[in-house]
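I opened the model and kept notes as I went. The entries follow the order in which I looked things up.

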Amino acid sequence: MFNTSIPKNRHLSSKDAENFRELLKFYENKEYKKALKIANVILKSRPTHGETLALKGLVISSMDKKQVDEGYALIKQGMVNDEFSYVIWHVCSIFHRNAKNYEEAEKSYAKALQLDPENMNVVRDLSLMQMQNRRFDGLVASRSKLLTKQPGFRQNWTALAIAQHLRGDFAAAENTLNMFEEALKEPLPKEDNENSELMLYKNQIIYDSGDVQRALEHLDFIADKVLDTLWVYEARAKYLLELGKLKDAEKVYRILIKRNPEFCDYYYQLERALQIEDNNNLKAIMYRRLSKMYPKSDAPRSIALKFLTGDAFAKVVSEYLKSFFVRGVPSAFVNVKGLFKADSEKAAIIERVVLEYYAELKKESDSPITLLWVIYFLAQFNSHVQKFDAALEYINKAIEHTPTLVELYMTKARIYKRAGDYAQAAAVMQEARALDLQDRFVNTKAVKYLLRAGDIDTAVEVVSLFTKNDNEGKGVADLHDMQGLWFLKEQADAYNNAGNKGMALKRFHAIEEVFKEFHDDQFDFHFYCTRKGTIRAYLDMVHWEDKLHGLKHYKRAARGAVEIYLSLYDQEKNGQANGGVSSVDDGLTPEERKKLVRKAKKEKSKELKKEMEQLESKEIVDEDPFGHKLLAAKDPLEQALKLWKPVQTEALSAADAVDAGKLACEIFARQGKYLLAMQAINKASAAGLDWVYEEVAKVRAFSEADEAIAPTIKIVLTRSLTNLIADAFEGTVVEWLNRHFGDDTFDTAEPVFNYVSARQVCGGEEKARDIVKVSFKLARLNCTANEVIRGLRIVEQWGCAEDVAEYKKLASEKWSLATALQV
Amino acid sequence: MNIRQARTEDLLGMQNCNLSNLPENYVLKFYLYHALSWPQLSYVATVPTDDGGEKIVGYVMAKMEDDPANNAIQPDENDEAAKNEPFVPHGHITSVSVMRTYRRMGLAAKLMRQSMRAMTECFGAKYVSLHVRESNKAALHLYRDSLKYEVMKVEKKYYMDGEDAYAMKKVFVHEDMAEDDGQDLLAESDEE
Amino acid sequence: MSGKRARIQLDNVNANNLGVLRTINNAVLPLPYAESWYEESLTIGELAKLAYFDEIPVGAARCALKTPTSRTMPTSIYIMTLAVLDPYRGFGIGKRLLKHIIEQAQGMYVHEISVHVWDKNETAIQWYEAQGFEKLNLVNGYYQRMVPVGNAFFMKLSM
């Protein structure tokens with residue numbers, strides 16, 4: 001393990017050398033106190049001994065998270081004292097690995113390996129870092145080395161094949177697995193799941209390499225030697241279809257449907273195998289037959305509803321819905337709701353057939369349940385088409401009929417929510433909850449509704465009925481531990497709505513933290529899966545991890561936080577412009593702030609009391625309980641970019657990546673990085689996205705207000721803007737903006753908000769007037785309660801008292817239940 | 001409505017479904033552990049969303065119990081015969097849940113049937129075990145009457161809140177998944 | 001699905017579904033019961049029961065064990081409330097609840113079940129008679145809080 005010629009400063013007396021071995025042993029057994037003691041003994045006689053210093057650093061950083069910095073300093077010191085010690089670099093690697101800093105860990109392992117090239121443990125650990133950091137070239141090299149040294153382990157073959165596969169070298173990956181098969185003296189038994197997985201993995205490599213024919217041949221060859229029957233069927237069906245062997249493909253898809261008649265994709269592929277995707281008549285026959293073959297399956301029925309039209313549709317949908325009503329299936333409405341969007345005629349047909357059935361039942365029915373679910377359906381239907389009065393009438397009728405059914409109250413609450421009465425919605429959801437306190441689903445709904453209504457305290461009380469609670473009986477910490485994304489997001493929004501930006505930021509960042517955990521979670525599986533053999537699932541996981549921050553859960557949180565950071569920046573800037581007085585606005589009234597300060601003081605004294613316990617339990621003290629530090633960030637734009645960047649780089653699709661450019665553009669335009677902003681705009685323009693005009697106006701406005709802009713940049717920007725939109729510089733920004741957002745643009749809420757957002761940046765005397773004028777469109781538009789209330793907030797900010805009254809008057813004609821709009 | 005094998009991208013939705021519905025919750029790594037150890041055993045029920053994606057409204061997460069020391073249902077103390085039985089590979093349903101608004105469509109049963117078949121096909125499981133809250137009448141009915149599980153014993157205070165659990169078990173019988181009857185799916189003639 | 005479940009199911013009253021008992025009583029009975037009465041319902045075991053029809057709670061019974069005031073009087077079960085939501089009458093739900101009460105009586109070696117029924121509620125009186133109850137004395141002013149004050153028949157089932 002150690003180099004033969006030990007430098008003088010590293011050499012230890014035999015006594016100390018003995019102690020050093022003890023030290024290593026204690027560290028490995030996690031007996032940190034003993035390790036520390038013995039390290040100090042060595043250091044007493046050899047205070048500058050580098051390896052001991054480093055190991056002591058690792059020990060104390062493992063003992064207590066608070067000593068991490070101190071520990072790292074010792075390791076660094078050790079390194080200075082003994083530059084070429086393999087042990088110190090290895091210690092340093094472990095330190096970084098423990099801190100989940102895989103980049104630094106990889107560098108340190110590489111350095112350790114230079115000093116001790118034959119150390120296979122280090123090669124293996126290095127390969128894990130390379131996998132975590134997706135350094136595929138290095139990964140192939142490390143794993144080749146491991147395989148050469150230890151060809152007797154199956155996992156070393158698998159690991160190398162994975163590395164080659166991930167690097168895109170399919171032939172090499174396949175070859176590695178071939179060599180493994182040849183190296184086996186005799187084939188492994190079928191019961192060997194690991195072997196079965198390996199053969200299937202090889203098949204996947206062949207398919208991924210693009211040679212479908214050979215993949216099919218190989219699949220036929222291994223079919224009776226592997227255990228994953230379903231995967232073999234699915235792969236064979238897919239290969240046959242791709243190779244145009246349609247008759248055979250049909251047969252396999254029919255087997256798959258028989259195995260699982262609820263997977264819609266099998267049916268769609270069967271259509272392709274039969275070449276009837278575009279023939280609705282033949283499709284109607286096929287789905288009729290399949291519905292008969294699988295009478296308990298939803299899939300063949302619901303798929304047929306998508307392409308059937310007119311009377312044929314009416315007949316099938318009527319039977320479909322009636323079977324739900326008779327059985328008392330609560331999801332009848334949501335099962336057909338998707339059909340409305342594509343085809344408004346279908347909505348009308350559905351309403352008609354259900355009303356007819358309702359009339360029949362009212363005349364004569366021996367089933368109270370059926371009648372009840374029909375009324376329930378009609379309530380949901382009317383709520384969906386925003387006929388809230390009718391919806392309430394139906395749902396109240398249903399509640400009068402069966403006042404014990406929780407679902408009815410849940411729907412009533414939803415109607416109030418959609419109509420804009422959030423407080424009433426929450427109250428009704430609480431009624432629903434009271435009927436079934438044991439059901440967490442209703443509890444969750446109640447919490448969401450309470451948060452939407454701004455009642456954060458009650459929401460926390462209610463959610464804590466199902467969590468592990470702290471000393472004060474609150475479960476918020478547990479919901480962080482349990483990665484409760486929905487709660488963190490809803491609570492962040494609730495804080496944001498209440499103007500408490502600090503707490504909102506805190507929760508958004510908590511979601512970011514959860515995603516960091518998700519990212520770190522993969523680490524252990526790099527080793528585990530090569531041993532367990534579950535390579536196909538492992539690769540699925542790796543690809544998922546690569547797109548982690550493109551997921552909507554992260555995106556929503558990042559957007560929420562970025563918008564706050566942008567507003568902080570704008571406020572700060574406007575504050576300076578208005579005489580340099582700027583303070584962080586957390587949206588609190590003086591009383592509220594006083595209350596918070598009092599609370600903070602109380603917490604502080606409690607904290608002191610807890611400190612000893614926390615030292616023991618290594619609990620991390622929350623150093624920013626109200627998010628004030630986040631609000632005081634010196635570089636809000638940098639913070640914003642840090643959060644948003646991964647949304648772009650890890651986007652799930654190219655379209656997603658382009659759309660994510662909007663928020664990036666907002667950040668860049670404020671940072672004065674106009675050309676980067678233009679890049680994002682150009683891509684969006686090529687994709688035909690709506691927000692192009694909004695951002696063009698902003699980039700122009702920000703750059704024109706920017707006195708420090710470099711002349712060359714200005715020239716390039718002007719050229720690139722004119723290239724994109726010929727009249728980009730005709731008239732002032734405001735004139736240009738107003739020209740591009742004509743009255744006919746505002747047919748949905750989105751362009752209204754886009755305009756308002758851009759107009760705010762552009763200045764000019766008519767600013768407030770313009771914003772108010774356009775916001776008034778929302779009062780009459782086809783939009784949601786949320787949007788119409790957002791419009792009210794804009795009018796409140798930019799208009800006068802008469803504007804607000806007028807807006808309310810106009811909007812409340814349609815939104816009579818929305819409390820915010822009531823005068 | 002869709003029922004299919006769970007993929008990594010479904011795990012967050014499963015975790016959310018679990019956290020919204022049940023009192024026993026897990027961090028994502030626990031879901032990853034299942035997905036990467038027995039990828040064939042977990043299934044999800046999904047519905048389409050407005051933005052063209054899928055929303056998970058039900059799931060079953062299952063595992064194989066391959067460690068003899070960790071037999072899911074410990075035999076009774078005084079049942080000597082059972083104690084000496086050799087270890088047989090068997091599956092265990094870790095967690096199953098369907099959102100309240102999607103009940104009465106038989107989703108839980110459909111999910112579990114798929115998972116149980118995979119246990120026998122891929123891992124040679126001879127039986128499957130699970131735990132259910134004593135008060136959960138609907139679930140008990142599903143397992144016992146629809147899926148033919150048997151109650152093996154009551155495990156006292158199995159749940160964190162002190163409730164007892166029934167330990168249940170279903171022995172697999174070989175089922176032959178042949179092809180369908182091969183009729184011409186596009187023939188109009190012998191339809192009624 | 002094989003093993004179809006019977007449409008009517010009974011379940012215990014507990015703290016989590018107490019709201020259901022309250023809702024059924026409020027919907028069906030002429031007079032509200034005090035909160036303490038509901039709290040007490042949690043302490044009487046099988047003598048409080050909910051009935052479900054296709055998994056929806058639609059009926060409830062709540063009884064009390066009446067200990068005799070003298071040695072010559074038998075112990076009896078007294079039905080305080082037995083209610084089924086209006087649309088769900090005629091499906092045997094009340095009968096199923098009464099059957100449960102009778103089973104409890106038998107288990108406790110109690111031979112008498114009694115109830116007060118509002119004299120204006122003909123349907124209820126007929127229903128109890130059909131189940132074998134005997135109509136006994138009329139108690140004038142039994143429902144003091146009713147406007148106008150209501151009378152009740154005392155009815156009894158002997159086993």
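I began at a turn in chain C. In the hairpin of β2(C) and β3(C), with two residues between the strands, D54(C) has a positive phi near 50°. Strands (E, at least two residues) and helices (H or I, at least four) are DSSP runs, numbered from the N terminus.

I noted the ground rules next. The model is predicted, and local features need pLDDT of at least 70, side-chain atom pairs count only at pLDDT 80 or more, while totals for chains, interfaces and linings use all residues. Residues are numbered from 1 along each chain as its sequence is written, and chains are lettered from A and ligands numbered from 1 in the order in which they are written.

I then followed the partners of β2(C). Two strands count as paired if DSSP finds at least two bridges between them. β2(C) and β3 (residues 56-66) of chain C pair in the antiparallel sense over six bridges, with L50(C) opposite A60(C). β1 (residues 8-12) of chain C is joined to β2(C) by five bridges, also antiparallel, and here Q9(C) stands opposite Y52(C).

Is β2(C) buried or exposed? I took a residue as buried if 20 or more other C-beta atoms lie within 10 Å of its own, exposed if 12 or fewer, and partly exposed in between, with C-beta atoms placed from the backbone. Six of the six residues of β2 (residues 48-53) of chain C are buried, so the strand is largely enclosed by the rest of the structure. A48(C), L50(C) and Y52(C) point one way, K49(C), A51(C) and F53(C) the other way.

I checked the record for chain C. UniProt, in an unreviewed entry, places an N-acetyltransferase domain at residues 8-159; such annotations may be inferred rather than shown by experiment. That span is 28% helix and 38% strand.

I moved to chain A. It has 45 helices and zero strands, and 44% of its 823 residues count as buried. Its C-alpha atoms fill a box of roughly 100 × 80 × 60 Å along the principal axes.

Last, I looked at where chain B meets chain A. Counting contacts as C-beta atoms, placed from the backbone, within 7 Å, 48 residues of chain B touch 57 residues of chain A. Among the elements of chain B that each supply at least two residues to that side are α1 (11-21) and α4 (107-123).

Definitions and conventions:
Two residues are in contact if their C-beta atoms, placed from the backbone, lie within 7 Å.
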